[in-house]
Amino acid sequence: MQIREIAKLLNAKVLCGEEHLDREVKSACGCDMMSDVLAFVKDQAVLITGLCNPQVVRTAMMMDMRCIVFVRGKNPPQEVIDLACSAGIVVLASDERMYTACGTLYVNGLAGGAEVHDRAC
Amino acid sequence: MTEHVNFHFEIDGENFTSAGEASVRIKKNLREMGFSPEIIRRVSVAMYEGEINMVIHANGGTADVDIYCDRIEIVLSDRGPGISNIELAMQEGYSTAPENVRSLGFGAGMGLPNMKRYTDDMKIESKVGEGTTISMTVWV
């Protein structure tokens, strides 16, 4: 799925990374606990979260993610957007709730794929 | 690479916003040095969790990353309160972090287990009231 389609499905605003909307992503995870993202994400390229601080972006950077979707109508501070922009990460903002956003993307073909194992990479 | 390279960082304990900057820097350095994405991710995530821990619990500290041809060593040192029960602290889900830290996305009791998960070897030396040193190795 292209990031452009994620934005369309979630009726999301593109806050940065407009030039990367054609990127293909294959899986996503929805989470507000960044340590869980660090523990259980493997190749998920999209992070769906309602948390709005710079550590969300740094977590995404650590896991080589390509897109962050802020849900529940959250507006991330400019410093968060700037950090993501500098890392080449697309930032989307949607009014959808986490559950709805994840469900919408899942039924449209964006997989989950989180793994629970001894070593997450 | 034939020579040993060291990167040293002072971790600011006053600023949660900047926590993780050293890990981002290391990730960039390792990428420039040509390490594989898997090795880069393991080192940077382990260090990132350590950085976050030092900011949450210990008012900062230092991080040293030593890069050899066959391994990468990460040493994180702080002069925080120390860990009274290391075995308990290593259990997933156990946390002494205050509630406000949870609202920032951490403090779920996954930090130390994640550091162990992503490294090949991890040692914790800690004295209550004196501080903690965590040494981790990732074999290349």
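## Pocket and sheet tour

Select α2 (37-57), β3 (71-78), α3 (86-89), α5 (111-118) and β5 (131-139) of chain B: each supplies at least two residues to the lining of the largest pocket. Helices (H or I, at least four residues) and strands (E, at least two) are DSSP runs, numbered from the N terminus. A pocket is an open set of points on a 1 Å grid over the protein atoms alone, where a 1.4 Å probe fits, with protein on both sides within 12 Å along at least five of seven lines; lining residues have an atom within 4 Å of a point.

This is a predicted model, with local features needing pLDDT of at least 70, side-chain atom pairs pLDDT 80 or more, and totals for chains, interfaces and linings using all residues. Residues are numbered from 1 along each chain, and chains are lettered from A.

Stay in the largest pocket. α2(B) gives the most to its lining, seven residues. Now pick Asn53(B), His57(B), Ile83(B), Thr96(B) and Leu112(B); of the 33 lining residues, they lie nearest the centre.

Next, the second largest pocket. Show Met61(A), Asp64(A), Ala87(A), Lys27(B) and Arg31(B), the closest to its centre among 13 lining residues. α1(B) provides the largest share of this lining, four residues.

Move to chain A. Five strands form an open, mixed sheet, ordered β1-β5-β4-β3-β2; strands pair if DSSP finds at least two bridges between them. β1 (13-16) and β2 (28-30) stand at the edges with a single partner strand each, so one side of each has no neighbour in the sheet. Finish on Ile68(A), which stands opposite Val91(A) in β5(A).

Note on methods. Heavy atoms only, no water.
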